[in-house]
Amino acid sequence: MALLLSAPAGHASAPVAWHLSAIGAPEVWPEATGEGVVVAVIDSGVDADHPDLEGAVLPGRSYVDVDTGAEPRLLALGSESGPVYERAFGQADPVGHGTAVAGLIAAGAGSGEPGIAPGASILPIRVLDDENRYHDSAMVGAAVEWAVDNGADIVNLSLGGHYDSAPFSEAIAYAERHDVLVVACTGNQHQDGPDETVWFPARMPDVLAVTGTDQAGDRWLTAVTGDETDLAAPGADLRAPQADGGHKNVTGTSFAAAVVSGAAALVRSAHPDWTAEEVRRALTATARPGGEGLGAGVVDAAAAVDADVDVLPRVEQAPAVSEAWSMAATAAGGGLLGLSALLLRGGLRLRGGKGAQGGPRAAAR
């Protein structure tokens, strides 16, 4: 389950949000704002009408049936697109999660709550239904491939679960082969529960796996971490746009991943000739060392932009997913959890269940 903490928007905000200062984003803006970089947000859709995102949201795609009067359901992989699946449906967000992610990445410089890369463009792809779930991991993999084929330079996956999926893995490998950087959250867990392992797909070697920190630079108490964690970023009490207008405070590794996607957009904007692997190296090699469980450390966008990639240590490349394995696996075998829970400040309230071991209505069937 992904955990989303939210609070009503306040009446005022600091001139520079703490997470922007923490990663040095304002220092980069005179040189690069993310202009020319497309970040795919594969999520619950993005509210293109939010003033903070005016002009930043491209036509995207929805894999969710939004037929009026019927409960939203996910499209079966391979089904033919009809009128209700047109690209514009990625520009609506009934849940609010994708809009918050997109705003943290690319909210406009004049919005009062700018994103990390205010000049970047957002390619919205909706895979989560109105309960913030997806039931077909192969479909999410198809969304990754669609993003790659439609101009994405970076793919943000603020979602995941406990089970591997071969079709989804092949889609990640497809992105790597096409020089697209994939950023994913490591996951969230209950404060008093057992430690969880890093979620899939973040634990894949080709994915930049991001955990979350608080304002002190320590790992946030519910942020999952493990050996697969590559990087950390601010992930607690961040100001982000609400889908119906206004702003809210959000917490979770979903939003730490968005911060890193924004930092990656700044690097790709400043160095358009760098490959995705070089962008990844710059982000990890220049991270500020932190406490336990933060991977290479806390992302430093200013240092990454200023890095000399030719002298940075190289990242060992993982072998590609075999075609035979990919073809043999099924979407049901993936068993991924969608983003199914909202954690409201002041008390834990779960919407939906774990689902991965459930019946036909379970998440990530």
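Q: When α3 passes α6, is the crossing left-handed or right-handed?
A: Happy to start there: α3 makes a right-handed crossing as it passes α6. Keep in mind that this is a predicted model.

Q: How are two packed helices described?
A: The general idea is to give the angle between the two axes, together with the distance between those axes. Here, helix α3 (residues 97-106) packs with helix α6 (residues 253-270) at an angle of about 35°, and their axes are 8 Å apart.

Q: Which residues in α3 and α6 meet?
A: From α3 come His97, Ala100, Val101, Leu104 and Ile105. In α6 their partners are Ser254, Phe255, Ala258, Ser261 and Gly262.

Q: What kind of aromatic pair do Phe168 and Phe200 form?
A: Two ring centres within 6.5 Å make a pair, and planes over 60 degrees apart make it edge-to-face. By this rule there is one aromatic pair. Phe168 and Phe200 form it, edge-to-face, with 5.5 Å centre to centre and 80° between the planes. The pair links distant parts of the chain, 32 residues apart: Phe168 is in helix α5 (residues 166-177), while Phe200 is in the loop between β8 (181-185) and β9 (207-213).

Q: Are Phe168 and Phe200 buried or exposed?
A: Both Phe168 and Phe200 are buried. Across the protein, buried residues make up 61% of the 365 residues.

Q: Where does the charged end of Arg61 sit?
A: Look over the ring of Tyr63: the charged end of Arg61 sits there, 4.6 Å from the ring's centre.

Q: How many helices and strands are there in the protein?
A: The protein has ten helices and 14 strands.

Key:
Residues numbered from 1 in each chain as written. Predicted model: local features only at pLDDT ≥ 70, side-chain atom pairs only at ≥ 80, totals over all residues. Heavy atoms only, no water. Phe/Tyr/Trp six-rings, centres within 6.5 Å; stacked < 30°, edge-to-face > 60°. Helix = DSSP H or I, 4+ residues; strand = E, 2+ residues; numbered from the N terminus. Buried < 20%, exposed > 50% of the residue type's maximum accessible area, 1.4 Å probe, protein only. Lys NZ or Arg CZ within 6 Å of the ring centre and 35° of its normal. Axes fitted to C-alpha atoms, helices over the stretch in contact; angles between N-to-C directions. Left-handed = near helix turned anticlockwise from the far one by under 90°. Contact = heavy atoms within 4.5 Å.
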